[in-house]
Amino acid sequence: MSDSTRNELGMDRKITRRDFMDGVALGVGAVAAGSLLGAAGSAPAQAAPAQPGAVSRRGGVYPPGRDGMRGQNQLDNFGHQLRAGTFWDNAGEPQATGETYDLVVVGGGISGLAAARIFQQQAGRKARILVLEALDDVGGHARRNDFSTTHRQLIGYGGSQSLDAPSSFAPVAKKLLDDVGIEPERFEKYFDKDFEDRHHLGSGVFLDKESWGADFLGRWHGTPDYRKVLAGSPVKAATRAKIEEIYNGKVDYLAGLTRAQKKNKLDRITYLEFLRDHAGADADALKYLQTVSNGNWGYGIDAIGGLDAWVEPFPGFRGTFQPYWDDKPDPRMAPTAHKLWYAEDEYIYHFPEGNAGVVYSLVRKLLPEALPGKGMQTITTNRIRYGRLDQSGNRVRIRLNAPAVRIKHVGDPGTATKVDVTYLEKGKLRVVRAANVVMACQNSLIPYLTDELGDAQREALFDSRRLALCYTTVEVRNWKAFKKAELAHVRYPTAYWQSIGLDFPVSMGRYQFPDKPKDRALLHVTSSFCKPGSGEHPQDQAAYGRRQLAGTTFDEMEFRLRDQLARTLGRFGFDPADDILSITVNRWAHGYAYEYARPWDKFWPAGPLPSHVARQRWGRVAIANTDSAPRAYVDAAIGMAARAVAELTGARLPKVANGVDGIDPRKLGSGGR
Ligand SMILES: Cc1cc2nc3c(=O)[nH]c(=O)nc-3n(C[C@H](O)[C@H](O)[C@H](O)COP(=O)(O)OP(=O)(O)OC[C@H]3O[C@@H](n4cnc5c(N)ncnc54)[C@H](O)[C@@H]3O)c2cc1C
């Protein structure tokens, strides 16, 4: 590729570039040593080449606004070193800090902070609680991306996006949101539902010449007729008609089977098999549909099960099934499908900073002095005072840059009343003592932190391999090209980035989203990394995707992003060289918790479930986090926190989810079987 092509796209421009791997700033231009949370097998991240603009825009400690040369420190390495068994070789002698706590939480994501709050509710305000977080910011996947311009502050999200169907949350999650001041109904006002109609914005699909022979952009408003949308595209007329039939036709592709037989059939096959073997989709139709499931599920149609595809509903089921709302949920559906079954909500429950809004609300509740202000409407605009998170006089302390490296009971775990938690602080090992510990980090790291577990539990914890995703936030000079193209978002079935769109139109309190096309704005760009079309188990695909994600340079990601934007919107006036002002890449090599799904996991739902073995309490240590549900949702993070705390305090075990209670799926009805 010539320099002039790169320069035309703006690769030589001085803009702000930020690159996070599992929340760790890799440092664009730094030699990044590897992912902090790489214990489950990711390859070390490859160094991104030097880029101009990799300088901090802010003074002081404000992690959400940081950029530049970071990530090359001991934190990056400890996961790999623990896994390789080399960590303790040069670790030095741990020093006791003399601190004792009623509860130490390992991991400051939503689950860890929720555990801290629920424990505080049960043990009382006087309870002494320490949250240890490995990274320099709170929130884990719920990651805020801040952009400041001379004109206005723009706030986006780099991970956990929205409160997905809060009406389906179990009481324990609803109660916690209420406790921290989040009133979901307020999003009815905050989310501008008329935005797309007011600006006459619709949807698009872009076919790239590398995969289809020629570039093509199809656009529509409302329900598309794919014969028209794809007219003039490289897709053959017969395939276009088949795609239209699959999306909008009323053909029963499983004709002759009873409803129960249809479910049994779908339970045994993937969605791709349904489309290919029953709906008659040819190779191009399958290629067109391959990534429709990636956003929600983290993997494609070759891995998502037929039953789950039906409940979504993905295209192809209009004539095959009658509507399902008078039916019972089938227990074989994956947890996401159960959630969809019960969901009554629009997709509007979104803070500008995504679910970092939940994190900030929890921080305010636990440590009011660290996040001043009152009411949900000030969560987005008020900043955490990072210097107040870990003050010696406080009953609750949140210690950042402090990865736990060893959890050990003082004596026999069966009878001990204390646990020593060793963590790293500025390269030195420190020890605090706790009466209770909640592990709210990812499951697959836990066996490296303790030698107190049996083989079965260790194996089950390792089994929780997460899916790989990347969310990129792009600050653009204006969104006139989107307006001119009449597009709010574009799907890319076969390109590197699978979706590009305008950020959600949410205004809260003093925060106003950019409503005018001439305004600076944020784009939300996503991809999930797997092995499209391989037909392998989703977790094996994710392992492949994780290596791919970790091995791709920022430079390459940026080039592909600029190239896709230029080819999609260039003719509507978008100039990536001039119009892109900053790029923040948030790579989640260990992203969504993998939830059990058919046809892969034969043990689902009857059990025994590996997650039940994995999350067992041992001694004074209990396990929270979404891996132990396993479901990649805020309500699961909260539910698992509540369960873990109850295991330690002896409180009644809460019901943690509707439909799939995460405790005993055998109690469910028999559905359509
Ligand atoms: C890209 C993306 C989009 C998502 N979108 C949504 C969405 O729209 N809605 C939704 O409900 N859910 C979404 N999720 C799911 C998300 O995982 C949950 O919402 C939730 O944020 C998970 O919280 P958690 O606390 O269980 O895990 P995490 O967020 O992974 O938090 C674990 C924390 O533990 C820390 N840690 C790890 N090891 C150590 C150690 N040794 N010592 C100390 N700390 C440690 C980590 O740094 C991290 O901060 C999304 C996830 C991703 C990746």
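Reader: OK, contact here means heavy atoms within 4.5 Å of each other. Of the contacts in the protein chain with a separation of 6 or more, what share comes from residues 24 or more positions apart?

Author: That share is 73%. Before we go on, this is a predicted model, where local features need pLDDT of at least 70 and side-chain atom pairs count only at pLDDT 80 or more, while totals for chains, interfaces and linings use all residues. Residues are numbered from 1 along each chain as its sequence is written, and side-chain values use heavy atoms, with hydrogens and water left out.

Reader: Got it. How many helices and strands are there in the chain?

Author: The protein chain has 24 helices and 20 strands. Both are DSSP runs numbered from the N terminus: helices are H or I with at least four residues, strands are E with at least two.

Reader: And what percentage of the residues is buried?

Author: Of the 673 residues, 62% count as buried. Buried means under 20% relative accessible area, exposed means over 50%, and partly exposed is in between, using a 1.4 Å probe and protein chains only.

Reader: What about the surface of the chain, how many Å² is that?

Author: The accessible surface comes to about 24600 Å², and 48% of that belongs to carbon and sulfur atoms. Accessible areas come from the Shrake-Rupley method with a 1.4 Å probe, and for residues only the protein chains shown count as cover.

Reader: Let's look at the ligand. Which residues around it come nearest?

Author: There are 36 residues around the ligand, and Glu133, His141, Ser160, Ser162 and Val634 come nearest. To be near, a residue needs a heavy atom within 4 Å of the molecule or strand in question.

Reader: Which polar atoms sit by its oxygens?

Author: Ser160 has a polar side-chain atom 2.8 Å from a ligand oxygen.

Reader: How much of the ligand does the protein cover?

Author: On its own the ligand has 1000 Å² of accessible area, and the protein covers 98% of it.

Reader: What's the shell made of, by class?

Author: The shell has 20 nonpolar, 14 polar and two charged residues. Ala, Val, Leu, Ile, Met, Phe, Trp, Tyr, Cys and Pro count as nonpolar, Asp, Glu, Lys and Arg as charged, and the others, Gly among them, as polar.

Reader: And which helices supply it?

Author: α3 (110-123) and α24 (634-649) each give at least two residues of the shell. Domain 1 (1-73 + 194-233 + 465-592) and domain 2 (91-140 + 351-464 + 596-667) each give at least three, with bounds from an automatic or database domain assignment.

Reader: New topic: why is helix α16 largely enclosed?

Author: Because 10 of the 11 residues of α16 (residues 356-366) are buried, the rest of the structure largely encloses it. Tyr360 and Arg364 are among the buried ones. The cover includes α3, β6 (144-148), α4 (171-179) and β10 (396-399).

Reader: Where's Ala142 in all this?

Author: Ala142 sits in the loop between β5 (129-132) and β6, and counts as buried at 3% relative accessibility. It is 217 residues from Val359 in sequence, but their C-alpha atoms are 7.1 Å apart in space. Leaving out residues up to four places away in sequence, Ala142 touches Ile110, Ser160, Asn355, Ala356 and Val359.

Reader: What's the phi of Asn625?

Author: It's near 75 degrees, a positive value in a residue other than glycine. Asn625 also lies in the loop between β20 and α24 and is buried, at 2% relative accessible area. Glu486 has a positive phi as well, about 60 degrees, but Glu486 counts as partly exposed at 31%.

Terms used: A polar contact is a pair of N or O atoms within 3.5 Å; within protein, one must be able to donate a hydrogen and the other to accept it, and residues adjacent in sequence count only if both atoms are side-chain atoms.
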